[in-house]
Amino acid sequence: MKSFVLFLLICVFSVGGYADWKIDFSRRQQDMVELEKQKQVYEQEEKSVLDMVTDRQAPMQDLVIINTEKGFYPDRIQVKRDQRYRVHVVNVNQDKKNLSFMLDAFSEHHGTYFGEQIVFEIEPRKEGLFDFQCPETKAKGKFVVFTSDEAIESPLESVPIRRPASR
């Protein structure tokens, strides 16, 4: 039995020496060349896009909206069209600690919790008046979007101004 096992081992190892084990990497090499070309094209596109973005836009500006017991502060915010803004919404309403913030025109709907801030980014594409609101407290505010070449007061002319009931 030992001699038979020894004979099998010798046969297996001796045949392994004669076997020609070759691995064909030619297809893999073609894939690697294609991936390298795609990587170079992507890097060129990334640089050109980055250059366009930095030339076209000013740095992102931060806006803060505070939800208080008396409503939003500020309740009217003026922003330029095609400018990027980072909006911070903070709930400091002690009466109602879980409130909503809805800015439908920009598809922004968030739950705001007492003392915490919600952060999102917007980039207005059209001029006009856009409402934001808190449905629980019925507080409302407005985003006034204007172009950079028009006066700041021109979109506000269409906003009705409330007069006191008596003088």
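Modeller: Happy to! Strands here are DSSP runs of E with at least two residues, and helices are runs of H or I with at least four, both numbered from the N terminus. Please keep in mind that this is a predicted model, in which local features need pLDDT of at least 70 and side-chain atom pairs count only at pLDDT 80 or more, while totals for chains, interfaces and linings use all residues. Residues are numbered from 1 along each chain as its sequence is written, and side-chain values use heavy atoms, leaving out hydrogens and water.

Let us begin with the backbone. Most residues other than glycine have a negative phi, and most peptide bonds are trans. Pro74, in the loop between strand S2 (71-73) and strand S3 (76-80), is joined to Tyr73 by a cis peptide bond with omega near -10°. Further along, Asp82 sits in the loop between S3 and strand S4 (85-91) and has a positive phi, near 65°. Lys138 also has a positive phi, near 60°; its place is the loop between strand S8 (128-134) and strand S9 (139-146).

For accessibility, buried means under 20% relative accessible area, exposed over 50%, and partly exposed in between, with a 1.4 Å probe and protein chains only. Lys138 is exposed because its relative accessibility is 68%, whereas Asp82, at 31%, is partly exposed.

Now the charges. A salt bridge is a side-chain nitrogen of Lys or Arg within 4 Å of a carboxyl oxygen of Asp or Glu, and the whole structure holds six of them. One of these pairs Arg81 with Glu127, whose closest N and O atoms are 3.1 Å apart. Arg81 lies in the loop between S3 and S4 and Glu127 in the loop between strand S7 (117-122) and S8, so this pair ties together parts 46 residues apart in sequence. Both ends are partly exposed: Arg81 at 34% and Glu127 at 36%.

Another bridge joins Asp131 and Lys142, with 2.7 Å between the closest N and O atoms. Asp131 is in strand S8 and Lys142 in strand S9, 11 residues apart. Salt bridges with shared partners also build one network out of Arg81, Asp82, Glu123, Arg125 and Glu127.

Finally, Arg86 bridges to Asp62 with a closest N and O separation of 2.9 Å.
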